[in-house]
Amino acid sequence: MNMTTDSSISAISREAAFNTLKNELVLNAAYIDGEWVTVAPLSDESDSNSNSDNVHCLYDPSVGQVIAKTRLSTTAHVEAAVTAATAALASWSQTTVSERARYLHAIADALEERFDKVVALSVLNNGKPVEEAKIDASDAIASYRYYANLIAKQETWTEVSTTESSVRLLKTYAPIGVCALIVPWNFPMVTSAWKLAPALAAGCTVLLKPSEVTLLPELMLGNILSSIGLPKGVVNILPGAAEVGAAMTSHTLIDKISFTGSNAIGEKVMTQAAKGIKDISLELGGKSAIVVRADADLDLACELIVGGIFTNAGQICSATSRLLVHCDIAESLYQKLKTHTQNINIGEGFAATTQMGPLVSQQQLKQVHNYLQIATEENLACLTGGQVLNRAGYFVSPTIYTKVPKTSRLWTEEIFGPVLVSTTFRDDAEALRLANDSKFALAATIVSADQSSALEMALQINAGHFWINEQQIVLPEAGWGGFKQSGIGRELGEDGLAAYQKSKHVLFAK
Ligand code: NAD
């Protein structure tokens, strides 16, 4: 492997990302039992024809061009990875909490050392602006550190108080076993860290499947795990597509599934999980509300609305994609919001001035474009945007519709793009009714000068995480997950660790 780099190249640039891709990442391979196992080398013929012979292309979404060709893992790799993870479980589950904490800190250290490289790969493969990719990498590091510190404090036995004085009751935690971790493309490295860190902390072994759309940042993880000497088989990485995900989630030797993705696939995964009665966590879609009360600071409201829907080009499960605004301030807010939105710099992620990048793929562009066409058919009032940009890459203008009826598909469905729908309310009761009018219930933002009224609203809105007068900061200490069709279970926080452990109780005579 040629590890030389050109010192004249800026650390976070397209050139630097290509350098890392060429010199450090292993394509056409799955990471199984501590080794990169080649799927099948690319022939000259497949090199010249991206659609031939099961060749999988990775794209730079800012220009819509192929950046790498690879072959994806197969169900045979799933078998090998399950065997490796099952064999590794016996010793990994017996490691001490301080040993596991040491490995988790080592992953965080290794990510810090490769920070610029991971950021550059994420910008190249995902299209997100550099500043957003930096936040992602920092969030991933914070997750590994958080679970290192949390597990280090976990006692082997805790005393449970009982009403029965003649006995003692002790409680301990055991790892669930071999876990299948499946993540989407919108936050590579982050969604995997939210699963991998607590799974390893708990003493589980894993099969991790990154999204086939954004493989590059997560391929770096294989190198990191080798570099820190993580015991073989504890983590196996399968760069595969749906077929591999399905083989993982229906395998009878998998004990737990943790899936983040769309509701359509979540439903399939839940069915697949029934085979062998597996434990399951699902982090699915959202259609979250941002409520702007009449006493809100309008400039702050604009910042939070824009941050909540246009960050990551709206490809966020917790995007506050439904704006509810008090009727007394609606017109002034919309005017400010229009100016604010039209001033957003759209461009490729590596450009320092870029505030919003492209959508991740041609398929995602098609999905969002479809909703823009529905909006035209439904005659929705477009405050700004509403178009696919006429340029290379997968760009959509930041879009806001007002007076959107509750019957519109844009009101009820997750668009997963930079499209905000809005309506007005007359009082808190109506705001609550509107906020709760969704099959999803993941998160919500409330903008108000009256913190206690905002807190009262948080009690009444069906969601798992709230921000009051704040951007969408997600701390590793706070549990993450929703109600209703936004999923099952919680990630992050202590609940995130509990998702990979089962309690055991021992009762004995005093
Ligand atoms: P997706 O459901 O298409 O894919 C998610 C993952 O599942 C991918 O790795 C994919 O390869 C895999 N997969 C596909 N078919 C499978 C099958 N039959 N069995 C097992 N795995 C299979 O989702 P996406 O388009 O990658 O991501 C966008 C979706 O993810 C949005 O709906 C978004 O709301 C959701 N999401 C939710 C959260 C959350 O925390 N709630 C976070 C991020 C994304």
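What follows is a conversation about how terms are applied to a predicted model.

Visitor: Why is Gln364 called buried?

Guide: Buried means under 20% relative accessible area, exposed over 50% and partly exposed in between, computed with a 1.4 Å probe on protein chains only. Gln364 has 7% relative accessibility and therefore counts as buried. Its place is in helix H13, residues 362–377, where a helix is a DSSP run of H or I with at least four residues and a strand is a run of E with at least two, numbered from the N terminus.

Visitor: Which residues does Gln364 touch, leaving out those up to four places away in sequence?

Guide: With contact meaning heavy atoms within 4.5 Å, Gln364 touches Trp185, Gln315, Leu359, Ile415 and Phe416.

Visitor: Why does Thr399 count as buried, and what does its side chain reach?

Guide: Thr399 counts as buried because its relative accessibility is 0%, and its place is in strand E15, residues 399–402. A polar contact is a pair of N or O atoms within 3.5 Å; within protein, one must be able to donate a hydrogen and the other to accept it, and residues adjacent in sequence count only if both atoms are side-chain atoms. The side chain of Thr399 reaches the backbone oxygen of Ser397 at 2.7 Å, and a polar atom of that side chain lies 2.8 Å from the backbone nitrogen of Gly386.

Visitor: Why is Ser318 called buried, and which side chain does its own side chain meet in a polar contact?

Guide: Ser318 has a relative accessible area of 3%, so it is buried, although its place is in the loop between helix H11 (298–310) and strand E13 (322–326). The side chain of Ser318 makes a polar contact with the side chain of Gln472 at 2.7 Å.

Visitor: What makes helix H8 largely enclosed, and how does its reach compare with the expected one?

Guide: Of the 13 residues of H8, 11 are buried, so the helix is largely enclosed by the rest of the structure. The expected span of a helix is 1.5 Å times one less than its number of residues; H8 (residues 215–227) reaches 19 Å from its first C-alpha to its last, close to the 18 Å expected.

Visitor: How do you know that there are two parts to compare, domain 1 and domain 2?

Guide: Domain bounds come from an automatic or database domain assignment, which gives domain 1 as 14–40 + 73–284 + 490–502 and domain 2 as 289–479. Their contact takes 26 residues from domain 1 and 25 residues from domain 2. The area buried between them, meaning the accessible area (1.4 Å probe) that two parts lose on being put together, summed over both, is about 2,000 Å², of which carbon and sulfur atoms give 63%.

Visitor: What makes Arg14 and Glu348 a salt bridge?

Guide: A salt bridge is a side-chain nitrogen of Lys or Arg within 4 Å of a carboxyl oxygen of Asp or Glu. The side chains of Arg14 and Glu348 meet at 3.0 Å, N to O, and form a salt bridge. Across the interface of domain 1 and domain 2, the rule finds 1 salt bridge.

How values were computed:
Residues are numbered from 1 along each chain as its sequence is written. This is a predicted model: local features need pLDDT of at least 70, side-chain atom pairs count only at pLDDT 80 or more; totals for chains, interfaces and linings use all residues. Side-chain values use heavy atoms; hydrogens and water are left out.
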